[in-house]
Amino acid sequence: MSKLLIIGGGNMGFAIAKGIADKNFLSKKDILFIEKSSDRVKFLKKAKFNVFKDYTDLDFKRIDIVIIAVKPKDIEELLKALSKTLNKKISKKTLILSIAAGVKINKLSRTLKDSPIGRVMPNTPCQIGEGINVLTFNKKTTKKQKQITKMIFSSIGEVLELDESKFDLVTALSGSGPAYFAYLIESLVKSGVKLGLDERTSYILSLMTGLGTTRMLKEIKDLSPKRLREMVTSPNGTTHAAITTLQKYNFEDVIFKAIMAATDRSIEMGRVG
Ligand SMILES: NC(=O)c1ccc[n+]([C@@H]2O[C@H](COP(=O)([O-])OP(=O)(O)OC[C@H]3O[C@@H](n4cnc5c(N)ncnc54)[C@H](OP(=O)(O)O)[C@@H]3O)[C@@H](O)[C@H]2O)c1
């Protein structure tokens with residue numbers, strides 16, 4: 001790969017660029033940005049990336065991959081600009097990757113007709129290199145381009161390739177997922193405070209329990225969440241009292257309904273685009 005262009009240098013665009021540069025997959029001079037916000041331009045320049053305010057300033061000949069990292073609400077305007085400017089300048093072999101939530105490959109290919117296109121669903125922990133990225137590609141994407149995409153996104157977390165038909169569910173599970181875990185921690189902290197702890201103590205107890213549990217599950221081979229739960233739950237003990245209370249109030253069913261609601265909402269939002 002010789003040069004990468006990222007359109008939109010916000011939180012996620014920057015996280016990807018930083019991940020790639022930190023892992024030495026590309027040097028900073030080969031990572032180009034197009035960014036609209038002047039504050040972000042300053043920030044990206046300070047981090048030693050090449051930033052352009054306009055497509056016309058760019059030499060597209062050597063760009064192999066373009067990553068679209070603007071908000072879904074800005075996609076329409078961006079596609080208009082792409083069809084006017086980029087389409088003529090960019091080689092039909094250039095891989096276009098979009099991380100915009102809910103924007104389907106079909107929608108992108110209406111503008112970028114003959115291009116290889118990939119869609120990626122990252123999540124917020126990608127910003128610290130601990131995310132999960134789900135990838136999908138259209139038929140024009142080559143095996144090598146898929147490999148490079150996997151390499152790029154492995155610099156900010158784990159990578160998984162799935163059919164695009166699963167993307168609404170992926171959005172509901174891992175895309176929105178950090179909010180569910182944060183909500184659980186928030187609720188644990190509040191419970192601790194209501195029952196007599198100061199907020200800081202309750203927070204560190206809840207946070208480290210979440211971190212330790214997920215790390216154990218990740219690092220100890222063959223340890224399933226169910227097995228870990230059973231290991232902690234002795235008959236008639238304290239954990240048993242909490243778990244039976246969660247079961248009495250249909251914890252699993254509440255979670256299932258929440259994931260279903262998020263999936264339905266993703267499908268609904270996709271219909272608009
Ligand atoms: N953040 C996450 O954790 C996360 C997780 C999963 C997926 N995503 C997806 O990642 C994408 C980016 O999210 P983000 O959180 O990084 O957003 P962000 O911080 O708002 O960054 C987007 C940046 O792109 C700029 N921009 C907008 N239109 C542009 C254009 N036509 N040309 C050049 N720059 C343009 C914006 O400038 P202005 O502010 O001036 O408009 C902003 O600085 C979204 O589509 C989102 O769905 C994000």
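Into which domains is the protein chain divided? The chain splits into domain 1, residues 3–170, and domain 2, residues 175–271. Keep in mind that this is a predicted model.

**The chain as a whole**

The protein chain has 273 residues, and 29% of them are buried. Its secondary structure comprises 11 helices and eight strands. Along the principal axes, the C-alpha atoms fill a box of roughly 70 × 40 × 35 Å.

The centres of domain 1 and domain 2, taken over C-alpha atoms, are separated by 33 Å. Across the boundary, 10 residues of domain 1 are in contact with eight residues of domain 2. On the domain 1 side, helix α6 (residues 167–175) gives the most, with three residues. By class, that side has five nonpolar, three polar and two charged residues.

Helix α6 is mostly covered, with seven of its nine residues buried. Those buried residues are F167, D168, V170, T171, A172, S174 and G175.

Next comes helix α7 (residues 177–194), which holds G177. Why is G177 classed as partly exposed? A residue counts as buried with 20 or more other C-beta atoms within 10 Å, and as exposed with 12 or fewer. G177 has 18 within 10 Å, so G177 is partly exposed. G177 and D253 lie 76 residues apart along the chain, and their C-alpha atoms are separated by 16 Å.

Is strand β7 (residues 131–137) largely enclosed or open? Seven of its seven residues are buried, so β7 is largely enclosed by the rest of the structure. In a regular strand the side chains alternate between the two faces of the sheet. In β7, G131, N133, L135 and F137 point one way. I132, V134 and T136 point the other way, and all of these residues are buried.

Strand β7 pairs with β6 and with β8. The table sets out the two pairings.

| Partner of β7 | Partner residues | Bridges | Direction |
|---|---|---|---|
| β6 | residues 117–121 | four bridges | antiparallel |
| β8 | residues 157–161 | five bridges | parallel |

Single residues show the pairings in detail. R119 has T136 of β7 as its bridge partner. On the β8 side, N133 stands opposite V159.

**Around the ligand**

Which residues come nearest to the ligand? Of the 25 residues around the ligand, they are G8, G10, M12, S37 and A101. Two elements give two or more residues to this shell: α1 (11–22) and α3 (75–89). The largest share, three residues, comes from α1.

What classes of residue make up the shell? The shell has 11 nonpolar, eight polar and six charged residues.

**In brief**

The chain has two assigned domains, with helix α6 giving the most to the domain 1 side of their contact. Strand β7 is largely enclosed and is joined by bridges to β6 and β8.

Methods
Residues are numbered from 1 along each chain as its sequence is written. This is a predicted model: local features need pLDDT of at least 70, side-chain atom pairs count only at pLDDT 80 or more; totals for chains, interfaces and linings use all residues. A residue is near a molecule or strand if its C-beta atom, placed from the backbone, lies within 6 Å of it. Ala, Val, Leu, Ile, Met, Phe, Trp, Tyr, Cys and Pro count as nonpolar, Asp, Glu, Lys and Arg as charged, and the others, Gly among them, as polar. Domain bounds come from an automatic or database domain assignment. Two residues are in contact if their C-beta atoms, placed from the backbone, lie within 7 Å. Two strands pair if DSSP finds at least two bridges between them.
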